[in-house]
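Here is a friendly walk through a model that you can follow on screen. Keep the viewer open and turn to each residue as it is named.

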Amino acid sequence: GPSRQDSVNNANSPLKLFTHAKTTITEIFKSISVYVGDANKFLDDVNKSDRNLLTNEKYKEIQQLKEKVNRILSIISRDHMKVVFFGRTSNGKSTTMNAMLRERILPVGMGHTTNCFLQIEGTDKAEPYVLTPGSDEPKSVSSLGNVGSALSREKLDSDSLVKILWPKEKCRLIRDDVVLVDSPGIDVSANLDQWIEQHCLDADVFVLVISAEATITVAEKKFLHNVAQRLSNPNIFILMNRWDATANEPEMVDSVRQQHLDRGLEFLCDELHICDRQEASEHRMFFISAREALLKRNKDPTSSPRTGFSDGHEERFAEFNNFEHEFEKCISKTAVQTKFEQHTNRGKEIISILRDTTSNIANRSQTLKQEAVQKLTDMDEKNNKLERELRSMTETAKDKIRHVSEDVYKRVAQTLND
Ligand code: GDP
């Protein structure tokens, strides 16, 4: 619908599902932190009262919750959505990513110089910078194209990771906590298992970029098979890129598209069993032109505004927007599920430990109170009994005294008489 393009641009983007969830869960854990603080103060007092209301272990466990909650808060602050792009060199991965970022951040057409993993993530700083493996020193990329030259000077292994820190304020996707990873061109010699182990296990979405002039290669298939083995139910998108090439052969478009679709669905649904065909054809495969999409969003000021677009570009651009919308829905939903479900469970655990401990103390002090009351009652009864005994003793004593005195009186009287 008409809102689709907007939803990718504005505050209604599906990515907000994640950012809202993150804000909410942060607030909840801040409340838990206050609760833990209060509980600690209370337990300090209880401990001082020295009535055996709390074991030392419990006391320590509750004290440690404070640190635990702070740790979770810092994990949450670093939680993000991660997407990995892969495919053969020159299929258009970098161009696709730049189009999504709406800026020419990644060097394009330099497959040989960027033969390693490149991760683009957000920074609160105003200027972008690059972090290379084995060095904490940020390298500046003051001008565009510098990323490429900053990298070509480095000797990097194909499984090493270079981080590009991009100012959040400059880019919506990055501001909304999406981390994008570009992989070295996939070929048969690549150590796919190691790549997956090091860079893909925490990915929420995988995007395979294929050139429409080619088909899915053995290496690309193998990569996805391995991914599916390691991650249960991975989210995979297939982009048939360079679809603008079909503008030259309009009579072929439909049949070529159907061929690609059939092969793609066969792979996703029959081989990998990721989803059913309906779902895959509507939500997982898209025929796009990354070059046109980037051009549309990031115009080259030196050339005429019409340059670079082929017939049918509106349709391809609409499909690119569709892809982004589906991608944003998918990645935010998955990230919320995988990341925040864990946090929610931890939060529940912490609260139930606190509740159990305080209610144990309440019960225990209740019991102590009852015991004390019982003691008082017992003492009371004992008092009464003593009192009764005393009373009866005095009665007897009075009687005895009376008897004795009467006796004495009688005897005295007797003696006097005698
Ligand atoms: P990567 O190696 O997969 O990252 O590919 P690049 O993004 O560097 O693209 C390789 C070359 O293909 C560049 O010259 C791009 O301009 C070009 N290219 C990328 N996408 C398209 C597209 O959709 N159509 C056309 N015609 N060329 C494209």
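The report below begins with the ligand and then visits the aromatic rings and several single residues.

This is a predicted model, in which local features need pLDDT of at least 70, side-chain atom pairs count only at pLDDT 80 or more, and totals for chains, interfaces and linings use all residues. Residues are numbered from 1 along each chain as its sequence is written, and side-chain values use heavy atoms, with hydrogens and water left out.

## Around the ligand

Let us start with the ligand. A shell of 16 residues surrounds it, and the closest are Ser 90, Ser 94, Thr 95, Gly 109 and Arg 242; a residue is near the ligand if one of its heavy atoms lies within 4 Å of it. By residue class, the shell divides into two nonpolar, nine polar and five charged residues. In that scheme, Ala, Val, Leu, Ile, Met, Phe, Trp, Tyr, Cys and Pro count as nonpolar, Asp, Glu, Lys and Arg as charged, and the others, Gly among them, as polar.

| Residue | Protein atom | Distance to a ligand oxygen |
|---|---|---|
| Gly 92 | polar backbone atom | 3.0 Å |
| Ser 94 | polar side-chain atom | 2.6 Å |
| Ser 289 | N or O atom in the side chain | 3.2 Å |

Taken alone the ligand exposes 580 Å², and the protein buries 81% of that. These accessible areas come from the Shrake-Rupley method with a 1.4 Å probe; for residues, only the protein chains shown count as cover.

Which helices each supply at least two residues of the shell? They are α4 (93-101) and α11 (290-297). Helices (H or I, at least four residues) and strands (E, at least two) are DSSP runs, numbered from the N terminus. The largest share of the shell, three residues, comes from α4.

Helix α4 is also mostly covered, with nine of its nine residues buried. Buried means under 20% relative accessible area, exposed means over 50%, and partly exposed lies in between (1.4 Å probe, protein chains only). Among the buried residues of α4 are Lys 93, Ser 94 and Thr 95. Arg 102 follows α4 and has a positive phi, near 60°.

## Aromatic rings

Next come the rings. The structure holds ten aromatic pairs. In Phe 320 and Phe 323 the ring centres are 6.1 Å apart and the planes stand at 70°, so this pair is edge-to-face. Rings of Phe, Tyr and Trp (its six-membered ring) pair if their centres lie within 6.5 Å; planes under 30 degrees apart count as stacked, over 60 as edge-to-face and the rest as tilted.

Phe 320 and Phe 323 are three residues apart in helix α12 (residues 313-417), so about one helical turn separates them. Both Phe 320 and Phe 323 are buried. One aromatic cluster is formed by Phe 237, Phe 286, Phe 320, Phe 323 and Phe 327.

## Residues in loops and a helix

Ser 183 lies in the loop between β6 (178-182) and α7 (192-200). Is Ser 183 buried or exposed? Its relative accessible area is 5%, so Ser 183 is buried. The side chain of Ser 183 reaches the backbone oxygen of Phe 85 at 2.7 Å.

Asn 52, in the loop between α2 (16-49) and α3 (56-78), counts as exposed at 64% relative accessibility. Its C-alpha atom is separated by 9.5 Å from that of Ser 365, 313 residues apart along the chain.

Asp 177 is placed in the loop between α6 (172-175) and β6, and counts as buried at 17% relative accessibility. Asn 233 is found in the loop between α8 (218-230) and β8 (236-241), and is exposed, with a relative accessible area of 58%.

Lastly, Glu 266 belongs to helix α9 (residues 253-271) and is partly exposed, with a relative accessible area of 44%.

How values were computed:
Polar contact = N/O pair within 3.5 Å; in protein donor to acceptor, adjacent residues only side chain to side chain.
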